[in-house]
Amino acid sequence: MIRNIYIRHGITLYSQQNKFAGRRDIPVVEFDMQMFNDSLKLIESHKPNILIHSPLLRAKQTSQLYIERFIFDEVVSEPLLLERDFGVFEGQLKTPENRNAMEEHPSVECDITFIERVVSFLDKYGALDINVLVVGHSAFFRKLSELTNTDKRKLSCCESSCFDFKRT
């Protein structure tokens, strides 16, 4: 049974403007309350033991909403969950041209390094054999979903999805 939940952080100005945020430590400006309420139901049904979040402000702010409503055995700020480093593209619009140029630019975290980081996260927390709530970022979730063959491949801000730690 899949017992793990991934929630993308709340809405930021960058997400509203369709810009790459990456490692920029920007705050949440609002939460989608319908998606938030949906995530509460998911958490109530799966009862995660620990909450793991990215150390970036937007993930910490989102995590706080769940910490105020649920009791976790442990809350972990996990550097492996940092959003992908988009280098000079952070703050730029997410256009097809920028997405293509980004993959070849030396300032951007290369895909191999990013995959290694996601695999390290899966290995570290998958070995615990407990229910986990993760609050993180969109690029991290996309890579995690590719590696674990999760049906859902993209999350909007505040959206939640179940996943398994087993890699395919």
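Q: What pattern does the protein follow along the sequence?
A: In this predicted model, the order of elements along the sequence is β-α-α-β-α-β-α-α-β-α-β. That makes six helices and five strands in the protein.

Q: And how compact is the protein for its 168 residues?
A: The protein is as compact as a globular protein of that length, because its radius of gyration is 15 Å, close to the 15 Å that the globule rule gives for 168 residues. Along the principal axes, its C-alpha atoms fill a box of roughly 40 × 35 × 25 Å.

Q: How much of the protein is buried?
A: Buried residues account for 49% of the 168 residues. The accessible surface is about 8,300 Å², and 51% of that area belongs to carbon and sulfur atoms.

Q: What share of the contacts joins residues 24 or more positions apart?
A: Among contacts with a separation of 6 or more, 73% are between residues 24 or more positions apart.

Q: Turning to H6, why is it described as largely enclosed?
A: Helix H6 spans 138-148. Nine of its eleven residues are buried, so H6 is largely enclosed by the rest of the structure.

Q: Which residues of H6 are the buried ones?
A: They are Ser138, Ala139, Phe140, Phe141, Lys143, Leu144, Ser145, Leu147 and Thr148.

Q: What covers them?
A: The cover includes strand S1 (4-8), H5 and S5. Helix H5 runs over 111-126, and strand S5 over 160-163.

Q: What follows H6?
A: Asparagine 149 does, with a positive phi near 55°. This residue is found in the loop between H6 and strand S5. Most residues other than glycine have a negative phi.

Q: Is asparagine 149 buried or exposed, or what lies in between?
A: Asparagine 149 counts as partly exposed, at 49% relative accessibility. The cut-off for exposed is over 50%.

Q: On to pockets: what is the volume of the largest pocket?
A: The largest pocket has a volume of about 300 Å³. Its lining comprises 25 residues, and those nearest the centre are Glu83, Phe86, Ser138, Ala139 and Arg142. Of these, Ser138 and Ala139 are also among the buried residues of H6.

Q: Which elements give two or more residues to that lining?
A: Helix H1 (13-16), helix H4 (96-102), helix H5 and helix H6 do. H6 gives the most, with five residues.

Q: How many of the lining residues are charged?
A: Twelve are charged, alongside seven nonpolar and six polar residues.

Q: How much space lies in the second largest pocket?
A: About 200 Å³ lies there. The second largest pocket is lined by 13 residues, with Arg8, Asn18, Lys94, Arg99 and Lys154 closest to its centre.

Q: What is the lining of the second largest pocket like by class?
A: It has six charged, four polar and three nonpolar residues.

Conventions:
Residues numbered from 1 in each chain as written. Predicted model: local features only at pLDDT ≥ 70, side-chain atom pairs only at ≥ 80, totals over all residues. Heavy atoms only, no water. 1 Å grid on protein atoms, 1.4 Å probe; cavity = no way out; pocket = protein on both sides within 12 Å on 5 of 7 lines; lining within 4 Å. Points joined across faces, edges and corners; volume = space filled by probe spheres on them. Helix = DSSP H or I, 4+ residues; strand = E, 2+ residues; numbered from the N terminus. Nonpolar A, V, L, I, M, F, W, Y, C, P; charged D, E, K, R; others polar. Rg over C-alpha atoms; globule rule 2.2 N^0.38 Å. Buried < 20%, exposed > 50% of the residue type's maximum accessible area, 1.4 Å probe, protein only. Contact = heavy atoms within 4.5 Å. Areas by Shrake-Rupley, 256 points an atom, 1.4 Å probe, with all protein chains shown as cover.
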